Amino acid sequence: MTGGFDLDRPWRLDERVAVRPEPFGALLYHFGTRQLSFLKSPTVLTVVRALADQPSARAACAQAGVREGELAAYAKALAVLAESKMISERTVP
Amino acid sequence: MTSQLTELFERGLDAPICLTWELTYACNLACVHCLSSSGRRDPGELTTAECESVIDTLQRMQVFYVNIGGGEPTVRPDFWHLVEYSTAHQVGVKFSTNGVKIDAEAARWLAASDYVDVQISLDGATAEVNDAVRGPGSYETARRAMGHLTAAGFRGFKLSVVVTRHNIPQLGQFRRIADEHGAQLRLTRLRPSGRGADAWPSLHPTADQQRELYDWLCEHGERVLTGDSFFHLSPYGKPLPGLNMCGAGRVVCLIDPVGDVYACPFAIHENFLAGSVRQPGGFAAVWRDAPLFAALREPQTGGACRSCGHYDSCRGGCMAAKFFTGLPLDGPDPECVRGYGEAALATADRRPPPPRPGADHSHRPVPVTIGRRPPRRACDQDPLVGH
């Protein structure tokens with residue numbers, strides 16, 4: 001667990017979330033909760049998009065080029081997204 | 001939100017976050033503060049096909065949702081069709097209504113959709129306070145609509161309140177009404193736009209009430225929606241929840257019923273007209289290329305406010321509020337919490353009168369003539385001659 005977020009679990013973007021890339025990162029909108037969120041860098045966007053295809057959030061971060069020393073900051077950002085239901089834990093069959 | 005993100009927003013986004021689309025100037029009510037001076041339908045309003053084409057554009061631009069208003073949008077015969085068309089094209093809909101068409105059946109239809117949100121307008125927690133602004137019977141209409149939505153199981157619709165001198169003492173009551181309906185309270189600022197230009201001097205909160213509102217929002221603001229309404233109150237202390245900057249032309253804009261695109265819903269005037277969805281390239285080209293929007297996305301100078309220590313928190317306040325009270329756009333907001341606006345207004349009284357809204361569709365009293373008017377001349381046969 002890092003910053004209250006389990007990097008070693010599989011995660012995915014909620015299917016009711018729309019993603020719009022912007023120069024600063026991206027905007028997310030959840031049609032279920034009607035909440036807006038912001039991804040504050042293009043790298044976070046790459047991580048979020050990689051979640052569904054990777055066995056863990058840690059693997060998604062690695063694929064996006066996040067270095068070990070930066071992991072805590074990314075875990076914190078992912079924790080915020082999980083809190084607002086933008087991403088959720090994936091059940092592995 | 002970090003101040004860093006605010007700076008990024010100030011340079012504008014690839015598409016608006018919060019797009020207001022007023023579908024019609026027609027309205028069954030005649031609220032004294034109507035920001036679009038609505039009442040009568042405009043004969044040039046966008047057709048159903050033109051509206052669908054706008055929605056197609058919004059889908060391509062990935063606009064998540066539109067805030068549909070009016071007028072009273074639900075009186076357009078194709079309203080429900082356009083809501084369906086929009087949600088089927090991944091453009092969510094939030095619409096503002098006085099509730100006149102929200103019966104039990106409409107409420108069930110709305111409750112069944114994930115992609116539609118409803119804002120019921122109510123400007124008083126009691127009929128007395130509400131109807132003085134929105135007209136006789138409007139309180140009952142809104143409460144009935146809210147009852148239908150709750151009965152249909154619609155959770156989290158919005159109770160939308162324009163904050164005035166008369167309803168600030170009712171903020172707690174509004175929240176109770178919202179809670180009773182499983183709804184969320186949304187508070188917005190009264191602007192001197194449209195008919196609001198005439199109502200503003202007697203309806204806008206007093207200086208003491210602004211402080212009361214700020215304190216109330218600090219205590220309860222996390223559960224209350226405010227959009228970018230109250231950033232002019234930030235110099236009281238910490239910034240409030242919500243967007244603490246003017247979003248006009250950067251993250252916000254307005255499409256009016258005839259397809260004209262303005263920088264914000266409170267600025268229906270040629271000075272803030274960016275273009276039309278009917279011009280080549282449509283809405284996307286206006287958002288991307290309009291010289292007015294480019295100017296709004298440039299760093300603002302701050303003008304007379306620059307030397308004030310609070311400029312970084314209030315950013316000089318609301319452009320529309322300044323414009324329609326006759327104040328310079330680079331000076332203080334008329335409701336500047338440091339009192340500079342009041343001082344400026346006192347001076348403005350000696351200047352030419354403030355600009356008037358660009359379009360007025362208010363209901364007009366129709367003179368009733370009993371019997372046929374005599375022809376103006378003996379040979380005039382058509383009764384419309386002279387009109």
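Let's start with the sheet in chain A. It is an open sheet of three strands, in the order β2-β3-β4, and the pairing is antiparallel. The strands at the edges are β2, residues 17-22, and β4. Each of these has a single partner strand, so one side of each is left without a neighbour in the sheet. From one strand to the next, the twist averages 20 degrees.

Before going on, please keep in mind that this is a predicted model. For chain A the pLDDT averages 91, and 96% of the residues score at least 70. Within chain A, helix α2, residues 57-63, has the highest confidence, at 97. Confidence is lowest in strand β4, residues 35-39, where the mean is 88.

Back to the sheet of chain A. Strand β3, residues 25-30, is joined to β4(A) by five bridges, and the two run antiparallel. As one example from this pair, Leu27(A) is opposite Phe38(A), which belongs to β4(A). Then there is a helix on the sheet. Helix α1 of chain A, residues 42-50, packs there and touches β2, β3 and β4 of chain A. The direction of α1(A) makes about 50 degrees with that of β3(A).

Next, the contact between the chains. How many residues does the contact take from each chain? It takes 13 from chain A and 13 from chain B. On the chain A side, the elements that give two or more residues are β2, β3 and β4. These are the strands of the sheet I began with. The most comes from β2(A), with three residues. Sorted by class, the chain A side has seven nonpolar residues, one polar residue and five charged residues.

Now to chain B, and its sheet. Here nine strands form an open sheet, and the pairing is mixed. The order is β6-β5-β4-β3-β2-β1-β7-β8-β9. At the edges stand β6, residues 184-189, and β9, residues 273-276. Each has a single partner strand, and so one side of each is left without a neighbour in the sheet. The twist in this sheet averages 25 degrees from one strand to the next.

One residue pair to look at is Asn67(B), whose bridge partner in β3(B) is Lys94(B). Helix α3(B) lies across β2, β3 and β4 of chain B, and runs at about 150 degrees to β3(B).

Which way do its residues point? Val252(B) and Leu254(B) point one way, Cys253(B) and Ile255(B) point the other way, and all are buried. β7(B) pairs with β1(B), residues 18-22, in the parallel sense over four bridges. In that pairing, Cys18(B) has Val252(B) as its bridge partner. With β8(B), residues 260-262, β7(B) pairs in the antiparallel sense over two bridges. There the bridge partner of Leu254(B) is Tyr262(B). β7(B) and β8(B) form a hairpin with four residues between them, and in the turn Gly259(B) has a positive phi of about 95 degrees.

Tyr262(B) comes up again in the core. The largest nonpolar core has 128 residues, and Tyr262(B), Cys264(B) and Ala267(B) touch the most other members. As background, nonpolar side chains tend to be buried together in soluble globular proteins.

Last, some backbone details in the loops of chain B. A cis peptide bond joins Gly70(B) and Gly71(B), with omega about 15 degrees. Gly71(B) is in the loop between β2, residues 65-69, and α3, residues 79-88.

Gln62(B) is not a glycine, yet its phi is positive, near 60 degrees. Its place is the loop between α2, residues 48-60, and β2 of chain B.

With 16 other C-beta atoms within 10 Å, Gln90(B) is partly exposed.

Notes. Residues numbered from 1 in each chain as written. Chains lettered and ligands numbered in written order. Predicted model: local features only at pLDDT ≥ 70, side-chain atom pairs only at ≥ 80, totals over all residues. pLDDT = per-residue confidence, 0-100. Pairing = 2+ DSSP bridges. Axes fitted to C-alpha atoms, helices over the stretch in contact; angles between N-to-C directions. Contact = placed C-beta atoms within 7 Å. Nonpolar A, V, L, I, M, F, W, Y, C, P; charged D, E, K, R; others polar. Buried ≥ 20, exposed ≤ 12 C-beta atoms within 10 Å, placed from the backbone. Core = buried A, V, L, I, M, F, W, Y, C linked by C-beta atoms within 7 Å.
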